[in-house]
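Welcome, and please take a moment to look over the model below. We will then walk through it together, one place at a time.

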Amino acid sequence: AKHSGRSTFSWYTPELDADAQKRKEVEAGLVKAIKFDQFKLLYQPQYSLRDGKLKGYEALIRWDHPTKGTVKPDIFIPIAEDTGLIVEIGTWVLNNACQEAAHWEDKTRRVAVNVSPAQFIAGETQKRVATALRNSGLDPKRLEIEVTESLLISNTDAVIETLREVRDMGVSIAMDDFGTGYSSLSYLSLFPFDKIKIDKTFIQNLGKDASTDAIVTSIVGLGRSLDVIITAEGVETEEQAILLSAAGCDLVQGFMFGRPDSIDSHEANFPAFPLN
Ligand code: C2E
Ligand code: CA
Ligand code: CA
Ligand code: CA
């Protein structure tokens, strides 16, 4: 702290360089990953709390890196968003999720696909959704698009229009990570949504903190008045599931009900609803 500006500068520079270097490496790796088809989708089940039935799966991307093994999306999705590579990766996700879901044995189960704001802002999302549906033959009613609140802060008019067009195809729209962004409530009246996913940070504090319990109960009530389906994500314990059931939550997703995995292993394990 006693040193001049120059030494402060040189203290931080190597770190920034290392970070920039790392991002460059990931970016170059992603270009190869697209070219050599190194991505795969895992699926996490979503159950109805009413009848215990498996209603569908959320598709979650993984990168099978040739030397690093399986890389999680938190490492590469933000970089893909910054570099614009997300458009190509996101299109791959849409096409593959639709293609795979069209081949599932149970043709009533839905597939939920995450679409990042950067994809919407790049444009043509409605076209890409339509193409994925047409090429796969998937019933649009089985496709759900998960968007985050941050999408709604930017580009409002264009985004509303895109969401409306996608919804007019019969695809449903879920608001992901609900409660973590800004002005959630005012956005709800502006945008066409079918589903709200309560963020896992709330679910993880259920039963531990009275105000969290009250917030979750209010979101469920809000869903009921708006005629919107409520999903709780990140459900890890039976206590959380029981509290959510008592609150009237519609759907649950979380490690307690199944981790992201291949459809084949979910089917082989005959996922049974663990509540009575
Ligand atoms: P998300 O959309 O909020 O997805 C839920 C994340 O929570 C997943 O992490 C999932 O594995 C994790 N999770 C599920 N159940 C539990 C639980 O009970 N406890 C805890 N602690 N975590 C749980 P994952 O697969 O690492 O994905 C992280 C994020 O990466 C996703 O968050 C999503 O924002 C993004 N992402 C994943 N796949 C895609 C994709 O295909 N496209 C885009 N644009 N983003 C994606
Ligand atoms: Ca999601
Ligand atoms: Ca989420
Ligand atoms: Ca998230």
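What spacing do the donors of the calcium ion (ligand 3) follow along the chain? They follow the pattern D-D-x55-E. Before we go on, a word on how to read this: the model is predicted, so to speak of a local feature takes pLDDT of at least 70 and side-chain atom pairs count only at pLDDT 80 or more, while totals for chains, interfaces and linings use all residues. Residues are numbered from 1 along each chain as its sequence is written, chains are lettered from A and ligands numbered from 1 in the order in which they are written, and side-chain values use heavy atoms, with hydrogens and water left out.

Let us stay with the calcium ion (ligand 3). Its coordinating atoms come from D176 (OD), D177 (OD), E233 (OE) and E233 (OE), at 2.2 to 2.6 Å. Donors here are N, O and S atoms within 2.8 Å of the metal (3.2 Å for Na, K and Ca), and sites may look incomplete because water is not among the atoms. D177 lies in strand β6 (residues 172-178) and E233 in the loop between β8 (229-232) and α11 (238-247), so this pair ties together parts that are 56 residues apart in sequence. Helices (H or I, at least four residues) and strands (E, at least two) are DSSP runs, numbered from the N terminus. E233 is buried, with a relative accessible area of 7%, whereas D177 counts as partly exposed at 25%. Those words have set limits: buried is under 20% relative accessible area, exposed is over 50%, and partly exposed is in between (1.4 Å probe, protein chains only).

Now look for a neighbour. The calcium ion (ligand 2) lies 3.9 Å from the calcium ion (ligand 3), and D176 bridges the two. The calcium ion (ligand 2) is coordinated by E58 (OE), N114 (OD1), E146 (OE) and D176 (OD), at 2.1 to 2.3 Å. Written along the sequence, these donor residues are spaced E-x55-N-x31-E-x29-D. Here N114 belongs to strand β4 (residues 110-114) and E146 to strand β5 (residues 143-148), so the pair joins parts that are 32 residues apart in sequence. E146 counts as buried at 1% relative accessibility, and N114 as partly exposed at 30%.

There is also the calcium ion (ligand 4), which is coordinated by D177 (OD) and D177 (OD), at 2.6 to 3.1 Å. A distance of 5.9 Å separates the calcium ion (ligand 4) from the calcium ion (ligand 2).

A pocket is found on a 1 Å grid over the protein atoms alone, as an open set of points where a 1.4 Å probe fits, with protein on both sides within 12 Å along at least five of seven lines; lining residues have an atom within 4 Å of a point. The largest pocket has a volume of about 1100 Å³, where volume is the space filled by probe spheres set on the points, which are joined across faces, edges and corners. Elements that each supply at least two lining residues include β2 (54-65), α2 (73-83) and α3 (86-102).

The second largest pocket holds about 290 Å³ of space. It is lined by 22 residues, and K195, I229, I230, D250 and L251 lie nearest its centre.

Next, turn to the interior. In soluble globular proteins, nonpolar side chains tend to be buried together. The largest nonpolar core here has 74 residues, of which L30, L143, I145 and L244 touch the most other members. Such a core is a set of buried Ala, Val, Leu, Ile, Met, Phe, Trp, Tyr and Cys residues joined through side-chain atoms within 4.5 Å. Helix α3 gives the most to this core, with 9 residues.

Finally, visit two loops. Most residues other than glycine have a negative phi. D37 has a positive phi of about 60° although it is not a glycine, and D37 sits in the loop between α1 (5-35) and β1. At 53% relative accessibility, D37 counts as exposed. D227 also has a positive phi, near 60°, and lies in the loop between α10 and β8. D227 counts as exposed, at 70% relative accessibility.
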